[in-house]
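Dear colleague,

Please find the structure below, together with its sequence. My notes on what was found in it follow directly after.

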Amino acid sequence: MPGLAKTIKGLWSLIVGLGVTGVEFFRPQLTVHYPRKEVDNLATYRGHIDLVARDDDPLTPRCIVCRKCVAACPSGCIAIESRLVGAEPGGDARELSLAPGLIVTGSHAAPPPRQKIRREVAAFHLNYNLCSLCGLCVQTCPVQSLAFSREAYLCGSSRADFEFELLERLRRRAPAGGQRAA
Amino acid sequence: MGFNWLSEPRGDYYTRHFVPTPEAEGDRLILNLGPQHPSTHGVLRVVVEMDGEYIMKAEPVLGYIHRMQEKMGEVKTWRQYLPNMGRVDYLHALAWNWAYVGAVEKLAGIEVPPRAEYIRVITCELNRISSHLLWWGAYLLDLGAFTPILYAFADRERIMDILQMVTGSRLTYCYYRFGGVSADLGEGFIQATRDFLKQFKTRIPMFHDLVTGNMILRGRCEQIGVLPLEMARRYGATGPVLRGSGLAYDTRRAEPYSVYPSLDFQVPVGVNGDAMDRYDVRLAEMTQSIAIIEQALEAMPDGPHINPDVHERLKPPAGEVYYAVEGGRGKIGVHLISDGGPRPYRVKLRSPSFCNLQLFAELAQGTLLADAVSILGSLDLVIPEIDR
Amino acid sequence: MTMTEIISHPLTKLVLGLVLILVFVGVNGLILVWMERKVVGFIQRRPGPYEVGPHGILQSLVDGVKLIAKQLVTPRGADRFLFWLAPMLSVTPVVICFLPIPFSPGLTAMDVNLGLLLILAFSGINVLALCAAGWGSNNKYALIGAARAVSQSVAYEIPLLLSVLCIAFQTGSLSLSAVAEGQSRGLLSWNLWVQPLAFVIFFISATAETNRAPFDLPEAESELTAGFHTEYSGMGFGLFFLAEYTYMIVVCSVATALFLGAHDGPFLPGPWWFVLKVYALILALMWFRWTFPRVRFDQLLNLCWKWLIPLGLANLLATALVLKLGE
């Protein structure tokens with residue numbers, strides 16, 4: 001009669017299974033009703049990158065235009081436009097508005113480096129369509145000028161909606177009436 | 001009418017060149033399972049010749065999502081190739097991460113801090129549990145049980161939440177770096193992992209009650225797709241498919257890497273090599289992974305999570321390297337050839353699903369269509385990994 | 001002919017009954033689809049339909065509207081006539097199956113003394129519809145599904161009949177009203193206690209006859225994508241869907257009338273009890289569906305030929321013997 005015993009055991013297994021689903025039926029739901037509630041793990045979500053402002057100036061990014069992130073990116077998402085900025089003894093910024101990379105500082109065409117001249121971001125383009133969120137750019141940045149945003153709810157109807165200008169985003173994020181800190 | 005599609009010889013290259021079995025008579029049916037079919041879980045296509053409900057011959061057709069992953073390796077720098085690894089097998093992405101990172105580390109002689117090794121073990125095993133959970137649900141979906149996949153996903157979501165804490169993403173992780181991992185584990189991660197393991201241990205008996213003991217499921221799995229060890233060897237099957245046939249070959253034990261030698265865990269094996277054994281092996285592996293994670297959490301030392309000396313523009317010395325890790329589906333191997341330049345000269349990815357799929361043609365021969373679906377599910381194939 | 005005569009004429013009653021049955025079938029279909037989705041939602045710990053109407057109660061109505069509005073596509077190479085005949089052939093006989101069902105002593109559309117036979121005969125037409133759908137679709141999956149449907153229905157009609165015959169022997173009538181009448185003296189007079197085996201056989205066979213999981217092989221989606229209705233869209237699919245749910249009510253109603261005391265019950269009026277019992281059985285069917293894996297085809301037929309039919313025969317013999325000895 002091992003066959004019969006096996007059958008009875010099998011039938012019992014069906015009842016056990018029904019018991020499991022029966023108990024689950026009365027347990028609370030796990031679904032998060034999206035528009036009414038949100039999931040609670042957005043704090044660790046890693047969205048597209050954003051520029052980080054300098055500690056003393058919420059309008060200027062820390063970026064030193066080393067372009068390491070551009071080189072690191074596997075998908076070629078990042079493009080940076082820059083300009084040269086030289087500080088006058090008085091402290092005013094004097095824009096040289098030279099085409100980036102055209103004239104090398106210190107060459108005969110450029111004005112002699114009377115004072116410290118540095119590069120500044122003119123525009124930081126991110127093509128989020130291509131980004132695979134690997135985080136290599138953030139890891140590479142020597143001055144921690146890049147950070148992940150928490151934008152989980154991005155949507156758009158065309159590719160152009162995901163081509164971001166990060167400098168603009170930084171300026172928009174800055175506190176209202178954000179002036180250069182004295 | 002013009003074009004009479006019924007009399008026109010139709011079908012693509014594969015159907016036209018499909019050779020029916022020699023003794024085939026007129027009333028055989030050539031059926032395309034896929035590329036869009038509910039039980040192939042992706043764009044796999046199997047051309048089958050059927051006599052009634054019996055499969056006379058089955059022939060897998062590959063390449064529907066070939067993405068040239070290997071070729072991409074030759075045009076990207078060593079580091080830029082990292083995110084590709086999460087997309088080969090999206091279910092056990094961290095194992096592929098590990099295989100590539102490990103290969104480059106071996107080639108370039110990069111030292112990995114001990115804490116990073118433990119972090120890798122913990123996250124990779126968590127990922128293995130989530131991969132097996134998804135297989136469990138999807139396999140039962142193939143067998144017509146709809147509910148288990150939702151229960152599996154409830155737990156899988158928690159694993160993804162935990163992994164999101166450190167990796168920032170939920171599926172195609174790109175977390176391991178040459179010489180470590182990209183972010184350190186925080187207290188929150190460790191606590192959440194401990195909580196999850198505690199709760200998950202109570203879930204496994206529930207899974208067994210709902211499914212494993214079920215008479216109908218046993219009828220669908222026992223003695224179905226019996227894979228003799230000799231045949232598994234012949235096809236180069238690895239992972240739970242091979243272990244289900246009774247050989248305790250686990251890369252973590254056979255070719256020890258990282259800190260696995262210092263961890264205490266069993267390698268579950270089956271006896272008959274049927275679908276039920278493969279099922280049992282995978283469920284037992286989840287329990288083993290829990291044990292591994294618990295030990296690793298205890299033993300994890302303090303220290304840096306990444307080796308700071310790795311150069312950004314890494315140029316490993318010219319040479320060849322092969323590095324294998326144990327993924328959810330079997331042995332994941334990465335074979336790299338470097339010419340000393342900034343890019344790999346050649347990348348070869350050994351994907352376990354590719355080898356395991358080849359078994360299907362022979363296993364499915366002479367079975368019922370329903371059994372073939374059960375066999376296909378029990379092999380646990382991830383189609384992007386097959387095509388790469 | 002006076003007005004009263006017209007109203008009390010059997011033909012008028014039949015027409016009125018048919019119209020009411022059509023309404024009942026339609027409304028029940030909507031409710032059952034919603035109920036099934038809610039039940040599976042709760043079993044899987046999710047809300048089920050939620051957005052259309054309070055707790056998604058209007059969801060199936062909206063789905064119905066969508067199905068009606070969809071384009072009717074006939075696949076190339078299909079047998080146009082059979083292809084579109086099939087869904088209609090699937091739904092129409094169901095309506096007739098409702099005629100002899102005794103919702104309460106007075107609430108029967110047509111009290112035929114061969115009521116059981118009528119139901120069994122007309123529900124047999126459904127398999128013809130599935131066969132036509134599978135054959136007419138010019139689709140290999142549909143063809144396999146149709147072949148499965150036919151062998152499954154033919155096999156399971158036998159144990160179904162055997163279990164029904166036990167009750168017929170016992171009450172000496174094929175009229176459902178008479179069977180119901182015999183069980184109207186409280187819980188202990190229900191046939192379930194006399195014929196538990198027949199009830200189990202009936203219920204299992206009924207699940208298989210209605211192609212419900214775990215016996216939903218003609219439409220096993222992981223093997224045959226959608227089986228016999230692979231090629232149907234819009235209301236062609238909608239009618240098959242409606243027919244499936246209506247057959248569920250029919251078999252559960254018959255089970256209620258034969259085994260569960262029909263309209264018998266305290267406090268509430270008869271029809272309510274009847275509907276309540278029917279819905280309880282349907283709930284059980286849903287519970288099965290969302291718990292168990294699907295059986296394989298040979299296992300399905302083995303269950304029928306090796307277990308249900310011998311058991312049914314033995315049960316029938318025992319019933320006959322006991323009745324003869326008791327005389």
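**Strand pairing in chain B**

Strand β7(B) and strand β8 (residues 344–350) of chain B run antiparallel and are joined by six bridges. Strands here are DSSP runs of E with at least two residues, helices are runs of H or I with at least four, and both are numbered from the N terminus; two strands pair if DSSP finds at least two bridges between them. Within this pair, B:Val334 stands opposite B:Leu349. The hairpin of β7(B) and β8(B) has five residues between the strands, and B:Gly340 takes a positive phi near 85° there.

On its other pairing, β7 (residues 331–338) of chain B runs antiparallel to β6 (residues 319–326) of chain B, with eight bridges. B:Val325 stands opposite B:Ile332 in this case. Four residues lie between the strands of the hairpin of β6(B) and β7(B), where B:Gly330 has a positive phi near 145°.

**Basis of the model**

The model is predicted: local features need pLDDT of at least 70 and side-chain atom pairs count only at pLDDT 80 or more, while totals for chains, interfaces and linings use all residues. Residues are numbered from 1 along each chain as its sequence is written, and chains are lettered from A and ligands numbered from 1 in the order in which they are written.

**Domains of chain B**

Chain B is divided into domain 1 (13–61) and domain 2 (69–387), with bounds that come from an automatic or database domain assignment. The centres of the two domains, taken over C-alpha atoms, are separated by 30 Å. In chain B, 14 residues of domain 1 are in contact with 18 residues of domain 2, where contact requires C-beta atoms, placed from the backbone, within 7 Å. Strand β3 (residues 54–61) of chain B gives the largest share of the domain 1 side, six residues. That side has seven nonpolar, four polar and three charged residues. In this classification Ala, Val, Leu, Ile, Met, Phe, Trp, Tyr, Cys and Pro are nonpolar, Asp, Glu, Lys and Arg are charged, and the others, Gly among them, are polar.

**Contacts between chains**

Between chains B and A, 21 residues of chain B are in contact with 24 residues of chain A. On the chain B side, α6(B) gives the most, with five residues. The residues of this side divide into eight nonpolar, eight polar and five charged.

Between chains C and B, 25 residues of chain C are in contact with 28 residues of chain B. Helices α7 (140–171), α11 (221–224) and α14 (297–326) of chain C each supply at least two residues of the chain C side. By class, that side has 10 nonpolar, six polar and nine charged residues. Helix α7(C) is followed by C:Gly172, whose phi is positive, near 70°.

**An exposed residue in chain C**

C:Ile68 is found in helix α3 (residues 59–69) of chain C. Is C:Ile68 buried or exposed? C:Ile68 counts as exposed because it has 10 C-beta neighbours inside 10 Å; a residue is buried at 20 or more other C-beta atoms within 10 Å of its own, exposed at 12 or fewer, and partly exposed in between, with C-beta atoms placed from the backbone. The C-alpha atoms of C:Ile68 and C:Gly234 are separated by 6.0 Å, although these residues are 166 residues apart along the chain.

With kind regards

Notes:
Contact = placed C-beta atoms within 7 Å.
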